[in-house]
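Colleague: Can you take me through this model? I'd like to hear what stands behind each label.

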Amino acid sequence: MYDICHPSFYYIEKLGCNDPIKISNTFYIYMQLCEDKRFWHVNYKYNAELDLLYLETKKNKNSNLEIYVPWLISFPITIDFIEKLQKVLETDRLIFVFKSADSTSVFYRASAGLIKPLSPEIRKQLKEKEDKKILLERNIKKNTSNLYELAKSINTENSNFESTDTIESENEKTNSETISVIEI
């Protein structure tokens, strides 16, 4: 049977993985990287601890080595598992190649420092805070002209009050001078 298979399919099968679906998926991605993408030095590897077939390759002759993980979209994947992969494979970046049943492949880069999504309750609280902030900003913007007019009227009243005080003090001076003149 092996005389009708591609030699790489045979070698991938010999790596130790017993799952024929993973083997055929890895072979498909291997061929895509070699033939379609024309990557350099595409090597297939197997990690027994994770029961994972993956590919190491370079995009071109002088680029850095990258790890491609073939993954069927029907298999679930979690952030914890991605972090475990990064730790076991000793890399900060992985490129998942998600393959669907119709042979469509999607390349997705996962880098170190992935953050777990916020819970729905926390997300709701943050949204409420943001909505309150937006409402306050809107009210301030809407009332800015009113506040300006109010400040302007207060300033006008103060200047009127000061001018009234000035007139009264001038009147008092005149009165005191008049009284001084009369006393003589």
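**Labels and their cut-offs**

Modeller: Let's start with His41, which lies in strand S1. A strand here is a DSSP run of E with at least two residues, a helix is a run of H or I with at least four, and both are numbered from the N terminus. Before going on: the model is predicted, local features need pLDDT of at least 70, side-chain atom pairs count only at pLDDT 80 or more, and totals for chains, interfaces and linings use all residues. Residues are numbered from 1 along each chain as its sequence is written, and side-chain values use heavy atoms, with hydrogens and water left out.

Colleague: What makes His41 count as exposed?

Modeller: Its relative accessibility is 53%. Exposed means over 50% relative accessible area, buried means under 20%, and partly exposed is in between (1.4 Å probe, protein chains only), so His41 passes the exposed cut-off. Its phi is near 50°, a positive value in a residue other than glycine.

Colleague: Arg38 is found in which loop?

Modeller: The one between H2 and S1. Arg38 has a relative accessible area of 63%, so it is exposed. Its phi is positive too, near 55°, in a residue other than glycine.

Colleague: Zooming out, how many helices and strands are there?

Modeller: Four helices and five strands, running α-α-β-β-β-α-β-β-α from the N terminus on. Of the 184 residues, 23% are buried.

Colleague: How do you know which strands pair in the sheet?

Modeller: Two strands pair if DSSP finds at least two bridges between them. S2 and strand S3 (residues 66-72) have three bridges and run antiparallel, so they meet that rule. One of the bridge partners in S3 is Ile67, which goes with Glu56. Overall, five strands form an open sheet in the order S1-S2-S3-S4-S5, with mixed pairing.

Colleague: Why is one side of S1 and of S5 left without a neighbour in the sheet?

Modeller: Strand S1 (40-47) and S5 stand at the edges with a single partner strand each, so one side of each has no neighbour in the sheet. From one strand to the next, the twist averages 30°. Helix H2 (residues 20-36) packs on the sheet, touching S1, S2, S3, S4 and S5, and its direction makes about 10° with that of S2. For those angles, axes are lines fitted to C-alpha atoms, over the stretch in contact for helices, and angles run from 0 to 180 degrees between N-to-C directions.

Colleague: What makes you say the buried residues of H1 line one face?

Modeller: The buried residues of helix H1 (residues 7-14) are Ser8, Phe9 and Ile12. Seen down the axis of H1, they fall within an arc of 105°, so they line one face of the helix. The arc is taken from the directions from the helix axis to the C-beta atoms. Those residues pack against H2, S1 and S2. Gly16 follows H1, with a positive phi near 130°.

Colleague: Which residues of H3 are buried?

Modeller: In helix H3 (residues 79-88), they are Ile82, Leu85 and Gln86. Their arc is 95° down the axis of H3, so again they line one face. Their cover includes strand S2 (52-58), strand S4 (93-99) and strand S5 (105-111). After H3 comes Glu90, whose phi is positive, near 55°.

Colleague: Last one: what makes a space a cavity?

Modeller: On a 1 Å grid over the protein atoms alone, it is a set of points where a 1.4 Å probe fits but cannot get out; lining residues have an atom within 4 Å of a point. Grid points are joined across faces, edges and corners, and the volume is the space filled by probe spheres set on the points. That gives one cavity of 30 Å³ or more, and the largest cavity has a volume of about 100 Å³. Its lining includes Lys22, Asn25, Leu53, Trp71 and Phe75. H2, S2 and S3 are the elements that give two or more residues to that lining.

Conventions
Contact means heavy atoms within 4.5 Å. On a 1 Å grid over the protein atoms alone, a cavity is a set of points where a 1.4 Å probe fits but cannot get out, and a pocket is an open set with protein on both sides within 12 Å along at least five of seven lines; lining residues have an atom within 4 Å of a point.
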